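Please work through each task before reading its solution.

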Amino acid sequence: MPGHHASETVAAAAERRWAIIVIAIIGVLILMMIVTGVHWASMPPSRVEAVDVKTIHIKGEFVESNLGTAVEPDGKVTVRLIAQQYSFVPNCIAVPADTPVTFRGTATDAIHGFVVGRTNANTMLVPGFVSTFTTSFSKPGEQLMPCHEYCGTGHEAMWAHVQVVPRDEFMAKARPGGRMSCVQR
Ligand code: CUA
């Protein structure tokens, strides 16, 4: 039966064609995985700032005298803070209202984090790394700033306060190079 034989040949050719197409698709997918994997592995995350936990209290940006709120020479406002089991330093942070404020924080022992009241000021604080974000607070007043990463038995009792002060009032108190907080002494 020559007709039967011919259709078998056609079927075999079609099967081979499809096999090649399927192998090609799998090949392209594997290639995509390799290319994206190598691409991500070779690119550093957009911004990583490391800090040495062992010397954090002794030297550099996060020594105790440098913590709190600073008006930088260029007029920008920066808050520097440290989280540790189970408190924030400083534990009362003063910031001006309606002003971009940059937070720079890190942790000394475990992973901590904080959120300021119901604002979008929210970050994790990881030992060995500097977390930073910029936000501004529109409403003057006091906000609670709890730790929101479970960090041990004292986690529930770990919080600070943020006092949002009217801008004029804040700037009147700020001294060049000085560090401000609202910690009761
Ligand atoms: Cu610190 Cu939870």
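**Exercise 1.** Determine whether Asp74 is buried or exposed, and identify the residue with which Asp74 forms a salt bridge.

*Solution.* 
Step 1. Asp74 has a relative accessible area of 55%. Buried means under 20%, exposed over 50%, and partly exposed in between (1.4 Å probe, protein chains only), so Asp74 is exposed.
Step 2. A salt bridge requires a side-chain nitrogen of Lys or Arg within 4 Å of a carboxyl oxygen of Asp or Glu. Lys76 meets this rule with Asp74, the closest N and O atoms being 3.8 Å apart.
Step 3. Lys76 is exposed as well, at 56%.

This is a predicted model: local features need pLDDT of at least 70, side-chain atom pairs count only at pLDDT 80 or more, and totals for chains, interfaces and linings use all residues. Residues are numbered from 1 along each chain as its sequence is written, and side-chain values use heavy atoms, leaving out hydrogens and water.

**Exercise 2.** State which residue forms a salt bridge with Arg104, and where the two partners lie.

*Solution.* 
Step 1. The partner is Glu49, with the closest N and O atoms 2.5 Å apart.
Step 2. Glu49 lies in the loop between helix H1 (2-42) and strand E1 (68-71) and Arg104 in strand E5, so the pair ties together parts 55 residues apart in sequence. Helices (H or I, at least four residues) and strands (E, at least two) are DSSP runs, numbered from the N terminus.
Step 3. Arg104 is buried at 14%, whereas Glu49 is partly exposed at 25%.
Step 4. Glu49 and Arg104 belong to a salt-bridge network that also links Glu61, Glu72 and Arg80.
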